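I opened a new structure today and took notes as I went. Here is what I looked up, entry by entry.

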Amino acid sequence: MLKSYNTAFKLVRHMATSASKSPKLTDVFIVGGGPAGLGLATGIKTSSKLKHLNTVLVDGGDIKGKVAPFYDNPPDFYTNRVVSVTHPTREFIEDKLGATLRKDRIMSYDGICVTDGVSKGLIDMERPGMAWMVEILNVQSSLLNRINQLKPSGFNLLDKTKVVDIKYSDPEDASSWILVSLDNGETYKTRLLIGADGFNSRVKTFSGILSQGWFYNKSAVVATMKLDMEPLKIRGWQRFLPTGPIAHLPLPGDNATLVWSTTNELAKLLTSIPVEQFTELVNAAFVLEDVDMKYYYNQLMNGKMTTTELKEDVQFRTNQILASLSDESMADDIYPPPITDVLDHTRAKFPLKLFHADTYCQERIALLGDAAHATHPLAGQGLNMGLCDTDALVRALESATDRGLDVGSLFALEPFWSERYPINCKLLSLADNCHKIYSNTFPPIVGMRTLGANIINQIGPIKDYISGTLSYSGKY
Amino acid sequence: MNRMQCLKSIKVRRSPWILTRFKSTDASASEVEHFRNLAPTWWDTHGNQRILHLMNLARLDFIQRNIRNTIKIENSDIYVPGFNYKKFLPKDISTAVQEEFDNEIEKILISRKLKVLDVGCGGGILAESMGRLPYVQHVTGVDLTKDCIEVAKLHAKKDPALKGKLTYELKAVEDVEPNEGYDIVTCFEMLEHVDSPSSILSHSWRKLKPNGILFISTINKDLISWFTTIFMGEYVLKIVPVGTHHLNKYVNSKDIIKWFQSTVPNKYQVMDVKGTMYLPFKAWVEHNCSDVGNYFLAIKKLPK
């Protein structure tokens, strides 16, 4: 009886395996070829302790055709996805991974001037080499270039490929290896599945890990801008308007990049008006008062203002404000250099949110970068948090390998998330609180934050601590 | 659990010789029963064996360091600076020196294809870890609790990378074949669970090849050990199940070294002995007071 049952069972199993192609075994399966995913792949293949791990990276986009060529053949304009790369991130990319960013497309800046859109509050943080402005494509393509240099064995980059299905190889056992089916018909069975697939992470959905957070109901408008001349002092400017912060950050030469967080409605307006009007509004937003801005938004929304009228009005009011300054040279300190143009095709918008996953790992699964957290861009920490996560994960995997652990087990992954969760919490709440304090227009609160900002501005050590936290992504 | 009961537990005398025992290295029936109950949760890294999983990290650090220390680099292409280079050389150069050095040691180790015997393997926590080290060719794990051996076999099957690298057997160390067949023999957290530690030691020693290393980890018989492993561990913090430890079975590190001195004089070399303690919320860390609390011991068998 038992015997016949056994043979029947074997037969069924045999038929099942011959019907579907048997899955390919791999140690690490990375979903997502953004900086975090590529960083992990490079980290694994660079580390002498980890390079034996078979690694597969899939991405739906055209990584080989569109991302990789940037390194040898970048476009003659600056792309709009620009990030601020802080010290720990740059050390990880250049020293640990051995990748070399394209130096001619990086701009180091020496501090940031934070102003209040409705009061005279000012925090002028000076810090030589505070961070670097780098295009995300520069980061990605440098990592790809590094991987190509290594010519690693046991590495497979599958681009233009999507994940169709994820399941446990043994549905009863959540610590069993994970089966990932792809739209090219292949199936992989992996020891460790990495979700580096962004905010709408498929891996995160599969893992069942929950996140806490909210949408701000605001959008950020980004664009690459042209200045009338190269600035003497290379620094960033951020002005907190009641609708959200607007930031002006330097790129090489007479280029600069813009991140303007505002309401969804205004974001729609800002991306649809002619680029000449947009240019005027950017200049106005850093100098003029909130009532002026509201007037322009209204007029433009109703189509009651022509480009020439707008230009003249902004010019007039700006001159009025500059004339009221006690010292003319102050203008260069608190206002960014005026822009003359915006590259139209670089104007884009994306929704703003704050999310933080309750945990970054469980048996066989780890989440990296935006899959684990999403932040407001005002502190410039999003990419840095992602790459510092990757750094921590690489170190956790190295130490697990030294100790003979299964690198896909939760026990091996725990140090990674216990190191990163508190720091990420701190950076997320920093950005969130700044946003909340500054989006308020209730006069007592405006008064208190202005007082607070002016006090901070006078006390060097506090200012140093803040700029250090930003410059070292919370590791200061 | 109240204090009276705790105090009583210290006074427990060594269990009387069981009539059915026939092997000098046998564990008592009560120990076997105790571990039989633990078997199902052996691999639950968040359950009552978590402390052992955490300790395994420190064991591996100790083992790796001692094995690496036996390797001498003879390749003259590898630069081995004769000074504290980490202090004096720039960071990128010192890491490059270290990496080259480590890679060479790894290369030599891999060519040695070590064979490991894990005595008292339990559910296979140490055996699996050893099996994954690139320079270990094969690990044999033996234990006297059938359920533990089954758990170990089942768990090892989950990882294809371990295929062919692990064998688990339900047998006493004296029945393991062959003598002088293993480069590394480990007796981790087991001497405190047996009635006759000396016979375990002598049989384990016999299985070791010349130049092989015996690794031992157990607990000193002192008040601090009672306080940490039994009072705090079992009764107050309930990290491990009550009845896991018996103070009267603990073995002092000095006694082990004395045993070697009297049994195999001049044929052994104590490579390293380190105390180890658990820092809550952190990890197991090593310290230099090896005659207090838990300790690790590495002893090399000198060639004849």
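**Entry 1: an annotated region of chain A.** I started with the record. An unreviewed UniProt entry carries the annotation "domain: FAD-binding" for residues 178–399 of chain A. I note that the model I am reading is predicted. I then checked the make-up of that stretch. Residues 178–399 of chain A are 36% helix and 33% strand.

Entry 2: Next I traced the strands. I found an open sheet of eight strands in chain B, with mixed pairing. I wrote down the order as β3-β2-β1-β4-β5-β8-β6-β7. At the edges sit β3 (166–170) and β7 (284–287) of chain B, and each pairs on one side only. From one strand to the next, the twist averages 20°.

**Entry 3: one strand pair.** I picked β4 (residues 182–188) and β5 (residues 208–219) of chain B. These two run parallel and are joined by six bridges.

**Entry 4: a helix of chain B.** I turned to α5, residues 91–112 of chain B. This helix has 22 residues. I computed its reach from first C-alpha to last as 32 Å, close to the 32 Å expected at 1.5 Å a residue. Which residues of α5(B) are buried? I listed B:S94, B:V97, B:E104, B:I105, B:E106, B:I108 and B:L109. The buried residues of α5(B) pack against α3 (50–69) and α4 (85–88) of chain B. Last, I checked what follows the helix. Just after α5(B), B:K113 has a positive phi of about 45°.

Terms used:
Residues are numbered from 1 along each chain as its sequence is written. Chains are lettered from A and ligands numbered from 1 in the order in which they are written. This is a predicted model: local features need pLDDT of at least 70, side-chain atom pairs count only at pLDDT 80 or more; totals for chains, interfaces and linings use all residues. Side-chain values use heavy atoms; hydrogens and water are left out. Helices (H or I, at least four residues) and strands (E, at least two) are DSSP runs, numbered from the N terminus. The expected span of a helix is 1.5 Å times one less than its number of residues. Buried means under 20% relative accessible area, exposed over 50%, partly exposed in between (1.4 Å probe, protein chains only). Contact means heavy atoms within 4.5 Å. UniProt positions are given in the numbering used here, feature names are shortened, and annotations may be inferred rather than shown by experiment. Two strands pair if DSSP finds at least two bridges between them. Axes are lines fitted to C-alpha atoms, for helices over the stretch in contact, and angles run from 0 to 180 degrees between N-to-C directions.
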